[in-house]
Amino acid sequence: MELSYGRPESTEGRLPREVHVYDVLDELGIEYRRTDHGRPANTMEDCLEIEKVLGAAICKNLFLCNRQKTNFYLLMMPGDKPFKTKELSKQINAARLSFAPEEKMEELLDIHPGAVSVMGLMNDHENQVKLLIDEDVLKDEFVGCHPCVNTSTVKIRTVDLLERFLPAVHHTFATVHLTGEA
């Protein structure tokens, strides 16, 4: 694994959803570093080695919904922080949060499990997914995330994510305070 600037020299063999992320970041003039790790990084444990190469923490991204499956949330939080559904439910006034169905993840974000990322919001044209960001993520200069596939990871400035990417894909975010305690 090595760290590269920007998009890959060749996009041959890469999925269109990944290439689309690079297209959007390039169109917005957002600088990013990228590492290709070949094998899928499905868990936060898989991401630990990648973080060393990336030089940035990779967020834990959870795709959640309410009990009725009518409200959808993308939660970005530090990878080492435990997630307690009850704690988040209280803060956002949503009863019975759970993991959203895989079909909804694909339909709304064009992402598969293991590759959930804030970059998927570029595919949520009807703004059905509300972005929630743990305050600790906002303290870091950089954020690491998958470009809608989990065989590569990108690092961008947090300020670019918040002030350039999110407005360009017509999304806002709400800050949450998670302690990992119920």
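Before we start clicking, a word on labels: helices (H or I, at least four residues) and strands (E, at least two) are DSSP runs, numbered from the N terminus. You're looking at a predicted model, where local features need pLDDT of at least 70 and side-chain atom pairs count only at pLDDT 80 or more, while totals for chains, interfaces and linings use all residues. Residues are numbered from 1 along each chain as its sequence is written, and side-chain values use heavy atoms, with hydrogens and water left out.

**Stop 1: the loop between H4 and S6**

Select Asn-127, which sits in the loop between H4 and S6. Its phi is near 50°, a positive value in a residue that isn't glycine. With 39% relative accessibility, Asn-127 counts as partly exposed.

Now select Asp-124, in the loop between helix H4 (102-109) and strand S6 (129-134). Asp-124 is buried yet has no salt bridge. A salt bridge here is a side-chain nitrogen of Lys or Arg within 4 Å of a carboxyl oxygen of Asp or Glu. The nearest side chain of opposite charge is Lys-104, 9.5 Å away. For that search, Lys and Arg count as positive and Asp and Glu as negative, while His and the chain ends are not counted.

So what does the side chain of Asp-124 make a polar contact with? Show the side chain of His-171: the two meet at 2.8 Å. (A polar contact is a pair of N or O atoms within 3.5 Å; within protein, one must be able to donate a hydrogen and the other to accept it, and residues adjacent in sequence count only if both atoms are side-chain atoms.) Leaving aside residues up to four places away in sequence, Asp-124 touches Leu-108, Leu-109, Val-129 and His-171. Touching, or contact, means heavy atoms within 4.5 Å.

**Stop 2: the sheet**

Next, switch to a cartoon view and find the open sheet of four strands, ordered S1-S2-S8-S7 with antiparallel pairing. Strand S1 (3-5) and strand S7 (142-145) are at the edges with a single partner strand each, so one side of each has no neighbour in the sheet. From one strand to the next, the twist averages 25°. Two strands pair if DSSP finds at least two bridges between them.

Select S2 (residues 33-36) and S8 (residues 152-157): four bridges join this antiparallel pair. Look for Arg-34, whose bridge partner in S8 is Val-154. S8 is mostly covered, with five of its six residues buried.

On to S7, which is joined to S8 by four bridges, again antiparallel. Here Phe-142 stands opposite Arg-157 in S8. The hairpin of S7 and S8 has six residues between the strands, and Cys-148 is in that loop. Cys-148 has a positive phi of about 70° although it isn't a glycine. Cys-148 is buried, with a relative accessible area of 2%.

Now bring helix H6 (residues 158-168) into view: H6 lies across S7 and S8, running at about 80° to S8. Axes are lines fitted to C-alpha atoms, for helices over the stretch in contact, and angles run from 0 to 180 degrees between N-to-C directions.

**Stop 3: charged pairs**

Side chains of opposite charge can pair when their charged atoms come close. How many salt bridges does a search of the whole structure find? The total is 13.

Arg-157 is partly exposed at 37% relative accessibility.

Finish in helix H2 (residues 44-54), where Glu-49 and Lys-52 lie three residues apart, about one turn of the helix. They form a salt bridge, with the closest N and O atoms 3.6 Å apart. Glu-49 is partly exposed at 46%, whereas Lys-52 is exposed at 64%.

Technical notes:
Buried < 20%, exposed > 50% of the residue type's maximum accessible area, 1.4 Å probe, protein only.
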